[in-house]
2 protein chains.
Amino acid sequence: MIPGRKFWGWGVTKADLSEGQKKDVAGRMEGLFDISGLKLSPPPTLAEIEIAEPDITPPDSLSGICATDRWERAAHTYGKGFPDIVRAYGRDFKIAPDIVALPNNESDVVNLLDWCSREGVAVIPYGGGSSVVAGTEPEVGNGYNGALSIDMRNINKVLEIDRTSRAANIEAGIYGPALEAALKPENLTLRHFPQSFQFSTLGGWIATRSGGHYATMGTHIDEFVENVRMITPSGLIETRRLPASGAGPSPERFLIGSEGAMGIITSAWMRLQDRPVFRENAALLFPDFLSASEAVRAVLQAGLYPSNIRILDAAEAWFNKVHEGNEAVMVLGFESADHELGAWMQRALECCREHGGALPDEGADTSTEGRNTEGIAGAWRDAFINMPYIWEALVAMGMISETYETAVTWERFPEFHETVITEMKKHMAEICGGGFISCRFTYAYPDGPSPYYSITAPSKKGSQLSMGAELKSAISELFIKLGGTITHHHAVGRYHHKWYKQERSELFGEALRAAKGVLDPSGIMNPGVIIDPVR
Amino acid sequence: MIPGRKFWGWGVTKADLSEGQKKDVAGRMEGLFDISGLKLSPPPTLAEIEIAEPDITPPDSLSGICATDRWERAAHTYGKGFPDIVRAYGRDFKIAPDIVALPNNESDVVNLLDWCSREGVAVIPYGGGSSVVAGTEPEVGNGYNGALSIDMRNINKVLEIDRTSRAANIEAGIYGPALEAALKPENLTLRHFPQSFQFSTLGGWIATRSGGHYATMGTHIDEFVENVRMITPSGLIETRRLPASGAGPSPERFLIGSEGAMGIITSAWMRLQDRPVFRENAALLFPDFLSASEAVRAVLQAGLYPSNIRILDAAEAWFNKVHEGNEAVMVLGFESADHELGAWMQRALECCREHGGALPDEGADTSTEGRNTEGIAGAWRDAFINMPYIWEALVAMGMISETYETAVTWERFPEFHETVITEMKKHMAEICGGGFISCRFTYAYPDGPSPYYSITAPSKKGSQLSMGAELKSAISELFIKLGGTITHHHAVGRYHHKWYKQERSELFGEALRAAKGVLDPSGIMNPGVIIDPVR
């Protein structure tokens, strides 16, 4: 286990904001919303939390890999979404899993699933627990005799590296940093760096269609999966390790994104990259967000595929201390292990200039701190990594702070964006008496972007959860109504299930349910996720 | 209907080889195999063929869109694979569909499926009929009261073009040339040019995971599908039109490659390209095929993604009159609508030179005809388009002429390739007294190539079909045993079903079967394809 890992929130305690930083955040919020007296609740302690005695006990044959102590059960209760942090700070761990299993190999997983199938115990597959959609929460209804969280952290080796094909066979429970460390001696890298990188696992990434480092082309983990091994209650599914195939509906794509509802991913052959040597980076300012978005469209439709092309609106740039001013910011980067990238960057910059983009030293307003290109990109990188810690502090001081992400075609985007911003401001004013919304693009495609909205708003004491839920519901309805998806890379889990069902054809849902009936006949796997509860 | 379309074989009669060309082909075969007296059988005529009276008649409500004449029934009997042509030249059309339906819209399709579900009539979805794996053959066993081929050719419009997102909503029955013609005024193109381009449809491409123009990156049609509409016997499935999503297992990927076993694709939003303006092309010679393959690997792993990078071994180059000599040939090309490609080509050529590649005018042996770069690329383009006509002539003169394609990781490729070549030469010697085998790469990925093997061998009179089946079986076993896939882009159909089942996990097959049970409860859709016959 990662030393210092919190059982209630993001990451490790030692990386939490200092008292000074917390005061700074509180001060900014007080200024922004014209409120006063914001104080951070202290995080919960193990002694304080409300947690029930387990309903079930593991059989002797499994007790060696099963934990039932308070820490493990509490740590496997919630993900890292807004409602999760609120409930954790509320000391409410009533829905903790009865048991946390820590299998050491595939046959442990098989035995656990066998026991759970026989005993009617719900299984919650658990990678790093960084879900923000309650994908790992043991809230399974009344149809089960208990809930068991299967934490894959001990199944965590890089088993084999194929240098020639640039691929590796990797066990699902490995965390991001350990994975990269194991590949480094071969000068290889997966380059999958979701915001959760430090505290999430390969198996979790694959199960949830995680979004990684690349802003274009290989955006989701999906593209890097050569094969998948999954243990289901009915047995093993393993897809064939291949660079590509045209044999029937893709079996990998059927397992990728199944979010633990079909089985547990135990390992995968992953496509790797050589570690980059050549880099071209730039940060640009645009007169407004829509101009920046048109520049992103131009670069993507030009077929340039930068590894990084993220844009922040002025609000997002200000909130994250990246840039102060009315301009939108773009962070642009190409990388290669093989060749100089001048030609690529040069053409991308031309596309940007055609849409009003300028490098700060080209005469556009620089930030108040006079940041240069490196300053802006560096500030964004730092903000990106620290965000979850700031965000926990915001929740601890009673704010509603949430992120909502989607994807939509370019043609629809301008109206989509204006409606979302306008409507959400209205909702925040009505529900919270005010609020702050900002937007960035996390990923982009030739046919559309993936916009990512962040909101922060004050709440009334005791209503933080319900007011947050109202806002979540409002924006989710908008996403679906305006032609977006309920999630581009945060997955479905329990929080998105209602809107996911509106997004997909009912018949496709029934087909998935029938498939689950084969793989998980007792309906024990992550009940309520992807497929409506079956018992 | 395309004027002059054959009911028995590839394309249109007017594009068939001239008598002189046929003699040339026969002469080359006689020289190659030291045989004599090769004569082409004449193609069948409608009067000659053996075809039974239909077992069923359509109800009055559907008779207006149902054809039962000899031509339509004969034309919808076979695909364009080797066994298909042999049987067609044998005048054997006994398995012709009872009825050929020509729906004009989705509600016609719904009514047809309703009737077939009620009456226990098997449905064979039909695009252009270019399947080489018997995907459209009405060989459905004894569980049905008849077989109806649904030809989608009248549902063929480009419904809407979204210039901003570069996408279009296109009906499934449109043929390649009509699709491109409809997009041209907007300066857009799908750029999906499978060898069957002229005689295949969008719906067929999606249903079979067709391989197109791009040798790298967007190789399969899969990547260009924004959404799919499919009519199943249980109703409509439509996926949401999105640039990307992370919501559950991809619904598009579940329908793409379903080969008519779940339902009939009626339309799709497709991602498009601007028509290319800038091009860089080169043809190179390599001392041997493995050096050329290493160059392909280097270019792909460098992240350059040329639109064309095809290599031919010396045998393939000779057979197709592209180059004479011991060298392997590479045809390399970049294209863009946006920017000059000098930097891309320059680095790709460096990668090639590092592996022994040379431009013919750099001092490597040129072909006996002294072909320059354009000559080689042009010769390959011509050969590629005319191949199916030559191939029909070979079959008509009693040769066995087949193609087998797969994909395999780079690390496995050298042994894979050597074994396939050695074993197949042995098999051809034993079965046919000799034979010719050649290889090219049709597509390539950072983690492996898609090798494509072509064989030609003499047969004994009356044994052409069984000897061909023996060879097909031998190479398919090798593909599976050596870690390849049974198909990279020819699909599964009926010919590959046995090996497809070895390639996929049994549990995945059962999950697909359960899903089919929901979408097609009477089991009428393309029986025996992808899923074992259900009645």
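These are my notebook entries on a predicted model with chains A and B.

**Entry 1: how the two chains relate**

A turn of 180° with a shift of 0.0 Å along the axis brings chain B onto chain A at an RMSD of 0.0 Å. I noted this as the relation of a two-fold axis. I then asked which surface each copy uses. The same surface serves both copies, since 99% of the contact residues of chain B recur in chain A.

**Entry 2: the contact between the chains**

I looked up how many residues each chain gives to the contact. Chain B gives 75 residues and chain A gives 74 residues. Next I listed the elements of chain B that give two or more residues to the side touching chain A. The strands in that list are S8, S9, S16 (436-445) and S17 (448-458) of chain B. The helices in it are H8 (251-255), H11 (342-354), H15 (497-503) and H16 (506-519) of chain B. Which element gives the largest share? I found that H16(B) does, with 10 residues. I also sorted this side of chain B by residue class: 30 residues are nonpolar, 29 are polar and 16 are charged.

**Entry 3: the sheet in chain B**

I turned to a sheet of five strands in chain B. The sheet is open, and its strands follow the order S5-S6-S10-S8-S9 with antiparallel pairing. I checked its edges: strand S5 (158-162) and strand S9 (235-238) of chain B each have a single partner strand, so one side of each has no neighbour in the sheet. On average, neighbouring strands of this sheet are turned by 10° against each other, direction ignored.

S5(B) is joined by four bridges to strand S6 (residues 167-171) of chain B, and the two run antiparallel. Which residue of S6(B) is the bridge partner of Ile161(B)? I found Ala168(B) there.

I then looked for a helix on the sheet. Helix H5 (residues 106-119) of chain B packs on it and touches strand S8 (225-232) and strand S10 (264-271) of chain B. The direction of H5(B) makes about 45° with that of S8(B).

**Entry 4: the sheet in chain A**

I looked up the sheet of chain A as well. Five strands of chain A form an open sheet, ordered S5-S6-S10-S8-S9 and paired antiparallel. Strand S5 (158-162) and strand S9 (235-238) of chain A are at the edges with a single partner strand each, so one side of each is left without a neighbour in the sheet. I read an average twist of 10° from one strand to the next. Four bridges link S5(A) with strand S6 (residues 167-171) of chain A, and these strands run antiparallel. I noted that Glu160(A) stands opposite Asn169(A) in S6(A).

I next examined a helix pair. Helix H9 (residues 289-301) and helix H11 (residues 342-354) of chain A pack at an angle of about 145°, and their axes are 8 Å apart. Is the crossing of H9(A) and H11(A) left-handed or right-handed? I recorded it as right-handed. On the H9(A) side I found Ala295(A), Ala298(A) and Val299(A), which meet Ala348(A), Cys351(A), Cys352(A) and Glu354(A) in H11(A). By class, this contact has six nonpolar residues, no polar ones and one charged.

Last, I looked up the domains. Chain A is divided into domain 1 (13-151) and domain 2 (278-381). I noted 39 Å between the C-alpha centres of domain 1 and domain 2 of chain A.

Notes:
Residues numbered from 1 in each chain as written. Chains lettered and ligands numbered in written order. Predicted model: local features only at pLDDT ≥ 70, side-chain atom pairs only at ≥ 80, totals over all residues. Pairing = 2+ DSSP bridges. Axes fitted to C-alpha atoms, helices over the stretch in contact; angles between N-to-C directions. Contact = placed C-beta atoms within 7 Å. Nonpolar A, V, L, I, M, F, W, Y, C, P; charged D, E, K, R; others polar. Left-handed = near helix turned anticlockwise from the far one by under 90°. Least-squares fit on C-alpha atoms with pLDDT ≥ 70 in both. Domains from an automatic or database assignment.
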